[in-house]
Amino acid sequence: AHLDRTAAVDDAVHAYLHVDADGAIAAARAVDARRAAREPLHPLAGVPVAVKDVMATKGLPTTCGSRILEGWVPPYDATLVTRLREAGMPILGKTNMDEFAMGSSTEHSAYGPTHNPWDLDRIPGGSGGGSSSVVASYQAPLAIGTDTGGSIRQPAAVTGTVGVKPTYGGVSRYGLVALASSLDQAGPCTRTVLDAALLHDVIGGHDPMDSTSIDAPVPPVVEAARRADVSGLRIGIVRELTGEGFQPGVQQRFDEAVALLVERGARVVEVSCPSFAYALAAYYLILPSEASSNLAKFDAMRYGLRVGPPEVAHPSAEQVMAATRDAGFGPEVKRRIILGTYALSSGYYDAYYGTAQKVRRLIADDFARAFETADVLASPTAPTTAFRLGDKLDDPMAMYLNDIATIPANLAGVPGISVPSGLAPEDGLPTGIQFLAPATEDERLYAAGAALE
Ligand code: GLN
């Protein structure tokens, strides 16, 4: 049914970069056979899932939305992909994304943008606009995204879906093509909070292949989502992430969602996180610095594309690397590599990267203080509803500002969820409310989110 739906709608939505109909059907048949043989099955066995094209999938192309990885087929599965397969979940295909997960609109994909299923002239969020859109357009019940600065939560908000960024280290990064290793975290994109919890439970947990993986069981997210209990829960409204700068309808739906939680037994406290004012600036130094280092491996020798400068008959290895990176990377990736190498260069390292790391510590301190009086923090997920395709493409600062509410969580490593909060009255488009919890307390997000459904 999902493959039929894709055949019907994905020419218009363009959420998939690659559909693996044969593989998905074979995996579904294998589950049927095990069921017929009365073998024990995982509760999600047979439930299909779509995977963002930044996760390595054995035998399936993995491009990260980039020309430089065109044609690359990984020889191994990411750990979370192994866990999906072991649970008997057929993988429908790989979803579109901004190139190397840099962006907030999926317009930086080298393979063309994804369109928001609510209005095809609008962006589906980014970088994981493919994963949010396959779920929103009923092409998949579940999808995997990655969130380095909001790429699961913001696409969820603008497509009326649920997105979770688990605690840093809660889901293995082994086989996730790194953007910024200290910020990246994979997580669920779904239509309900309980679905997200069930998927989180499959992909989460310790992995010896990832040295930053937390050595502890998955938090009790499924139980929390089922109970949806917010009685006595203290919800901290972050003063710096409400009001000015947020679209009135987004703010209104946020206020209504909070009021509903109060009706269900939660309490509201106001918290202040003054260092959040510097989060965007710090993030856009730390991310390009780590990305410029991580992307050095795309050297035309090891993976994907290799082109020589056409005017040179016998190019040197260095000339091939330069020509390949010139042809293979898009403008946003080049911008960030230049920014990152600059920020890391000798003489500037302390002033830029070092200062940004200090800001990162202050942001973590703000969170720690806020969590003394609040169990979860809340804000609108994104400042506006989905903007029009093309609107911010030529203005990187405007694009970056979209991440204002989502970035602090990545800098501090704390978990976050975005849950639909209704349609904005002025444009009829989806809005999202975000909850943040202390590290490893992911179940609080599911309790708060499920109480709104
Ligand atoms: N929009 C952010 C960026 O461009 C977030 C990216 C992400 O989470 N992968 O960096």
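Predicted model: local features only at pLDDT ≥ 70, side-chain atom pairs only at ≥ 80, totals over all residues.
Reader: What makes Lys52, Ser127 and Ser151 belong together?
Author: The UniProt record, an unreviewed entry, places the feature "active site" at these residues. They span 100 residues in sequence, yet no two of their C-alpha atoms are more than 10.8 Å apart, so they gather at one spot.

Reader: Where is Ser127?
Author: Ser127 sits in the loop between β3 (91-95) and α4 (129-136).

Reader: Which residues come nearest to the ligand?
Author: Ala101, Ser104, Thr148, Gly149 and Ser151 do, out of the 14 residues around the ligand. Ser151 is also one of the "active site" positions in the UniProt record.

Reader: How do the residues of the shell around the ligand divide by class?
Author: Four are nonpolar, eight polar and two charged.

Reader: Why is α6 called roughly antiparallel to α15?
Author: Helix α6 (residues 193-203) and helix α15 (residues 443-450) pack at an angle of about 160°. Angles over 145 degrees count as roughly antiparallel, so α6 is roughly antiparallel to α15.

Reader: How far apart are the axes of α6 and α15, and what is the hand of the crossing?
Author: Their axes are 9 Å apart. The crossing is left-handed.

Reader: Which residues make the contact?
Author: From α6 come Val193, Leu194 and Ala197. From α15 come Tyr446, Gly449 and Ala450.

Reader: What makes one residue of the contact of α6 with α15 polar?
Author: By class, the contact has five nonpolar, one polar and no charged residues.

Technical notes. Residues numbered from 1 in each chain as written. Near = placed C-beta within 6 Å. Nonpolar A, V, L, I, M, F, W, Y, C, P; charged D, E, K, R; others polar. Axes fitted to C-alpha atoms, helices over the stretch in contact; angles between N-to-C directions. Helix = DSSP H or I, 4+ residues; strand = E, 2+ residues; numbered from the N terminus. Parallel < 35°, antiparallel > 145°, perpendicular 65-115°, else oblique. Left-handed = near helix turned anticlockwise from the far one by under 90°. Contact = placed C-beta atoms within 7 Å. UniProt positions renumbered as here; feature names shortened; annotations may be inferred.
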